[in-house]
Amino acid sequence: MPALSAIAFDADDTLWHNERFFRMTHDHFTDLLADYAGRDHLEDRLLEAERRNVGRYGYGIKGFTLSMIETALEVTDNRVPGRVIGELVAAGRAMLAHPIELLPHARETVEALKGRHRLFVITKGDLLDQERKIAQSGLGEIFDAVEIVSDKTPPVYAGIFRRLGVAPDAAMMVGNSLKSDVLPVLALGGWGIHVPHDLTWAFEHETAPEAEARFRTINDLGALPGLIGEIEAEG
């Protein structure tokens, strides 16, 4: 087994809070449209719109805002007041300005691993927004490379590892999404470390691959250095 040479981290809801702002805006969205449909129906229609639009708009706040507007038009038969559309646009703008709050142990963990392994951020979403969050997090200079992609699939990861000179089976990906962070890297022969987050977006839910030898789950990032030490000792 090759030595573990690179550790890659997801960003949103792995290094810092993100989904909580989407949930707050979801609540505002359902309040604004409460006269037209029930909360559950609105939530379902919005998720349908997000799934339908992710291939057009990509992941991130801008696509989410457009999906909210589209759903508002659908559930009101195009009768939604202009005031409501304005509030949805304002809500999206507010999300783009929210301050970055690191998750517990994020900074000390990446600082502890610096110099022992090459460290990467691999995140998906809107380019400008992700660049802003990385800059405001104060973590950007710790990482050897930052990759912002439109989606996370095995070919995308393979291309990143190839470009960065990392053998996939010597790489580890750490993140809160089984679908985007864990399963694609496991498929390439790498390590997939799941750090569950209570508010992970429904679109990212998958069944944990418990039978995979290179799959692990940790409660928070504080457990990562110890886990890496165990893996390297076993190797």
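This is a predicted model: local features need pLDDT of at least 70, side-chain atom pairs count only at pLDDT 80 or more; totals for chains, interfaces and linings use all residues.
Strand 1, residues 6-9, is enclosed on both of its faces. Ala-6 and Ala-8 are buried on one side, and Ile-7 and Phe-9 are buried on the other. Individual bridge partners can be named for both pairings. Phe-9 has Val-121 as its bridge partner in strand 2, while Ile-7 is partnered by Met-172 in strand 4.Helix 9 comprises residues 224-234, and its buried residues are Leu-224, Pro-225, Leu-227, Ile-228 and Ile-231. These residues lie on the same side of helix 9, because they cover an arc of only 160° around the axis. An α-helix has 3.6 residues a turn, so residues three or four places apart point the same way. Ala-233 and Glu-234 are exposed, on the face of helix 9 that is turned away from the buried side. The buried residues of helix 9 pack against strand 1, strand 4 (171-175), strand 5 (191-194) and strand 6 (215-217), and also against helix 5 (106-113).

A search of the whole structure finds three aromatic pairs. One of them is formed by Phe-9 and Phe-143 in an edge-to-face arrangement, with 5.9 Å from centre to centre and 70° between the planes. Phe-9 belongs to strand 1, whereas Phe-143 is in the loop between helix 6 (127-137) and strand 3 (145-149), so the pair ties together parts that are 134 residues apart in sequence. Phe-9 is buried, with a relative accessibility of 0%. Phe-143 is likewise buried, with a relative accessible area of 9%. A further interaction with a ring involves Lys-124, which lies over the face of Tyr-59 at 3.7 Å from the ring centre.

The count of salt bridges comes to 18. Among them is the bridge between Arg-39 and Glu-43, whose closest N and O atoms are 3.7 Å apart. Both residues lie in helix 2 (residues 39-57), four residues apart, or about one turn of the helix. Arg-39 counts as partly exposed, at 42% relative accessibility. Other salt bridges share partners and join Asp-12, Asp-129, Arg-132 and Lys-133 into one network.

A salt bridge also forms between the side chains of Asp-126 and Lys-62, at 3.5 Å from N to O. This pair links distant parts of the chain, 64 residues apart: Asp-126 is in the loop between strand 2 and helix 6, and Lys-62 is in helix 3 (residues 61-75). Lys-62 is partly exposed, with a relative accessible area of 40%.

Asn-18 is placed in the loop between strand 1 and helix 1 (19-32). Asn-18 counts as buried, at 6% relative accessibility; the cut-off for this class is under 20%. Apart from neighbours within four places in sequence, Asn-18 is in contact with Asp-12, Asp-13, His-98 and Lys-133. Two of these residues, Asp-12 and Lys-133, belong to the salt-bridge network that also includes Asp-129 and Arg-132.

Leu-127 is located in helix 6 and is partly exposed, with a relative accessible area of 48%. The C-alpha atoms of Leu-127 and Phe-21 are separated by 18 Å, and the two residues are 106 residues apart along the chain.

Methods: Residues are numbered from 1 along each chain as its sequence is written. Side-chain values use heavy atoms; hydrogens and water are left out. Buried means under 20% relative accessible area, exposed over 50%, partly exposed in between (1.4 Å probe, protein chains only). Helices (H or I, at least four residues) and strands (E, at least two) are DSSP runs, numbered from the N terminus. The arc is that of the directions from the helix axis to the C-beta atoms. Contact means heavy atoms within 4.5 Å. Two strands pair if DSSP finds at least two bridges between them. Rings of Phe, Tyr and Trp (its six-membered ring) pair if their centres lie within 6.5 Å; planes under 30 degrees apart count as stacked, over 60 as edge-to-face and the rest as tilted. A charge sits over a ring if NZ of Lys or CZ of Arg is within 6 Å of the ring centre and within 35 degrees of the ring normal. A salt bridge is a side-chain nitrogen of Lys or Arg within 4 Å of a carboxyl oxygen of Asp or Glu.
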